[in-house]
Protein chains: 2
Amino acid sequence: MASLSLSRHNPLFSGPIPNRPRPRFSGPAKIRMSLQENAPSIAVVGVTGAVGQEFLSVLSDRDFSYRSIKMLASKRSAGRRITFEDRDYVVEELTPESFGGVDIALFSAGGSISREFGPLAVDRGTVVVDNSSAFRMDEKVPLVIPEVNPEAMQNIKLGKGALIANPNCSTIICLVAATPLHRRAKVLRMVVSTYQAASGAGAAAMEELELQTREVLEGKSPTCKIFSQQYAFNLFSHNASVLSNGYNEEEMKMVKETRKIWNDKDVKVTATCIRVPVMRAHAESVNLQFERPLDEDTARDILKNAPGVVVIDDRESNHFPTPLEVSNKDDVAVGRIRRDLSQDGNQGLDIFVCGDQIRKGAALNAIQIAEMLL
Amino acid sequence: MASLSLSRHNPLFSGPIPNRPRPRFSGPAKIRMSLQENAPSIAVVGVTGAVGQEFLSVLSDRDFSYRSIKMLASKRSAGRRITFEDRDYVVEELTPESFGGVDIALFSAGGSISREFGPLAVDRGTVVVDNSSAFRMDEKVPLVIPEVNPEAMQNIKLGKGALIANPNCSTIICLVAATPLHRRAKVLRMVVSTYQAASGAGAAAMEELELQTREVLEGKSPTCKIFSQQYAFNLFSHNASVLSNGYNEEEMKMVKETRKIWNDKDVKVTATCIRVPVMRAHAESVNLQFERPLDEDTARDILKNAPGVVVIDDRESNHFPTPLEVSNKDDVAVGRIRRDLSQDGNQGLDIFVCGDQIRKGAALNAIQIAEMLL
């Protein structure tokens with residue numbers, strides 16, 4: 001984890017680390033101790049990964065109260081020590097018995113771990129917030145972005161085991177921005193092109209991007225372990241498997257998850273997902289076609305008042321969202337808000353969106369879900 | 001120019017340099033000496049810039065014959081020595097008198113130089129192929145991509161002064177790929193998101209990207225001279241001025257130049273132009289809506305047989321076009337060819353396109369235009 005820590009603490013890579021940001025979604029921060037007897041017992045599954053580490057960071061930033069916290073990971077990582085909120089923890093091996101007495105488990109250890117251990121945790125009464133794609137399209141499992149569709153999880157209560165799925169990072173970042181516009185004008189069709197960071201492929205991918213960049217600058221051949229091709233000073237189609245329809249899995253997540261989250265089987269979405277040599281925040285170019293007209297000034301006002309959104313749209317100084325500026329930030333930044341010249345009247349808009357993939361795209365969204373349970 | 005040379009000769013940055021590639025557009029390479037008495041007299045304006053240097057490289061690669069060649073640049077660069085095809089040249093200061101006896105002048109020295117010296121050269125009987133945006137939208141000036149609209153310059157003859165405009169790099173790369181599909185199915189609307197390399201902002205921008213990357217890896221603040229913000233491990237909306245309609249000038253070039261090149265005032269285009277930390281080739285995600293249905297297999301066959309296009313579309317091994325793979329190459333690479341799920345039947349396609357910005361996006365296209373004059 002050495003160079004992940006380096007990446008995280010080098011603001012030139014990945015943006016400044018906020019000093020306890022105001023948690024916008026849940027209102028003003030409460031003054032309280034995080035460790036409380038009447039607070040829930042938490043488990044973090046996959047705690048040594050990039051998102052697992054971010055779970056801890058977000059729990060702390062948001063003063064999330066807990067009675068106890070279990071640090072769970074694979075056998076390989078078991079025994080490692082983690083200091084969190086001035087207490088020392090030992091990482092425990094994830095087993096079926098890990099969930100006794102656990103109220104909320106935050107999973108980010110890949111789909112196969114979620115499929116194996118998620119239902120076991122539910123059987124023990126745990127509410128699982130799962131960051132993998134394992135259950136996202138399961139009709140019985142709510143797929144939730146708190147700013148977008150909190151109603152989807154209204155029947156889930158602490159103390160009764162249940163699964164809640166965290167959407168794909170690109171979907172979350174896109175829909176935090178697009179949903180306020182969708183509510184006003186109804187999106188009929190959306191064409192998305194992504195600019196995705198290394199972090200989406202995990203801590204090792206971030207390390208590989210850094211290592212490759214050093215190698216290329218020294219004239220050496222780049223080390224390609226995580227990705228099959230050079231990433232430094234290059235970009236490539238997302239490394240997810242390509243399906244028979246020619247879309248890759250990442251793109252199909254955006255297509256299908258949008259329909260489920262908006263509860264709209266008819267919304268038409270196409271996406272082209274590309275990895276760019278950026279460390280931890282995604283960008284997305286989003287073209288929207290509406291059922292009802294929506295002019296750009298109204299759209300800007302709607303976005304300025306939308307939860308989880310910050311508008312950065314200064315045409316004069318050419319200041320718009322960048323991955324670096326949103327890194328380690330909670331909000332999704334939206335800019336380049338303009339009437340789409342290729343559509344009649346005000347039937348369409350182009351926007352450009354950036355969001356921290358590890359934070360709002362994963363850990364923060366999951367913890368906002370957990371906050372709604374309390 | 002030291003670090004530009006470094007960039008150019010480090011294949012890890014900018015792709016392998018081809019060893020005299022087969023010039024696809026003009027047919028098999030002719031066996032001949034480049035220096036010939038009955039060949040045209042050439043001038044290269046802006047010869048010390050990134051595109052100027054590429055003009056020389058492409059002239060040599062294609063065995064372009066010339067009687068003489070003038071190396072022209074600003075006063076600041078005058079006096080510098082250039083060795084080209086085993087002869088030594090001294091860079092001359094560009095003046096109104098530079099064009100006496102010059103048959104073809106290749107301009108890439110910015111719009112204001114083109115506006116001042118282009119008409120002076122034309123008055124002296126020179127055919128000017130101009131890489132700037134100065135004359136592109138002038139109704140009397142043909143805007144030409146040789147693979148797309150060679151007919152636009154059919155009335156221009158060597159020996160009679162005339163202007164021909166080279167389109168914007170993003171437009172060229174997009175239209176080399178889109179035009180064969182347009183001819184078959186007629187494009188009604190095109191939604192483009194670009195991933196543009198440093199080279200589009202010149203040699204100094206490439207140097208800045210390299211310098212910034214070294215600085216960031218050393219934990220130093222990045223030097224921002226060419227761009228107003230950090231470029232290393234980041235991306236941002238294209239640095240061109242933003243107009244009152246919210247589009248930047250680069251985007252409006254794509255909108256307007258496409259209409260002119262296709263001679264189709266009704267084609268609807270929207271574009272979002274983004275700079276990514278890549279050295280010299282652009283990528284573009286292009287969503288197409290057609291008047292007539294066009295299935296993806298037919299589209300792939302059309303593209304495989306299209307001039308200036310290479311199809312890289314291997315879904316099984318996830319091998320698609322990348323900027324690095326097309327760097328220093330003549331052809332535009334197209335992949336991710338798939339039916340757009342957000343449109344009915346076969347009315348739309350998504351494609352992903354990469355092309356060398358300096359080569360096909362600028363120097364090669366201009367020299368192909370010059371070849372058509374001969």
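How far apart do the end C-alpha atoms of residues 41-156 of chain A lie, and how much of the span is helix and how much strand?

## The annotated span

The end C-alpha atoms of residues 41-156 of chain A lie 17 Å apart. The span is 22% helix and 25% strand. Helices (H or I, at least four residues) and strands (E, at least two) are DSSP runs, numbered from the N terminus. An unreviewed UniProt entry lists these residues as "domain: Semialdehyde dehydrogenase NAD-binding". Such annotations may be inferred rather than shown by experiment, and their positions follow the numbering used here.

## About the model

This is a predicted model: local features need pLDDT of at least 70, side-chain atom pairs count only at pLDDT 80 or more, and totals for chains, interfaces and linings use all residues. Residues are numbered from 1 along each chain as its sequence is written, chains are lettered from A and ligands numbered from 1 in the order in which they are written, and side-chain values use heavy atoms, with hydrogens and water left out.

## A sheet in chain A

Seven strands of chain A form an open sheet with mixed pairing. Their order is β10-β11-β9-β12-β15-β14-β13. β10 (236-237) and β13 (309-311) of chain A stand at the edges, each with a single partner strand, so one side of each has no neighbour in the sheet. Strands pair if DSSP finds at least two bridges between them.

Strands β9 (residues 187-196) and β12 (residues 281-290) of chain A run antiparallel, joined by eight bridges. Here A:V187 stands opposite A:F290.

## Where the chains meet

Chain A puts 69 residues in contact (heavy atoms within 4.5 Å) with 69 residues of chain B. The buried area is about 5,600 Å². That is the accessible area (1.4 Å probe) lost on putting the two parts together, summed over both. Carbon and sulfur atoms give 55% of it. A:L12, A:L217 and A:F233 supply 13% of the area that chain A buries against chain B, more than any other three residues.

## Charged pairs

A salt bridge is a side-chain nitrogen of Lys or Arg within 4 Å of a carboxyl oxygen of Asp or Glu. Eight salt bridges run between chain A and chain B. One salt bridge joins the side chains of B:R338 and A:E251 (3.8 Å, N to O).

Within chain A, A:E54 forms a salt bridge with A:R280, with the closest N and O atoms 3.3 Å apart. A:E54 sits in helix α3 (residues 50-61), and A:R280 in the loop between β11 and β12. The two residues are 226 residues apart, so the pair links distant parts of the chain.
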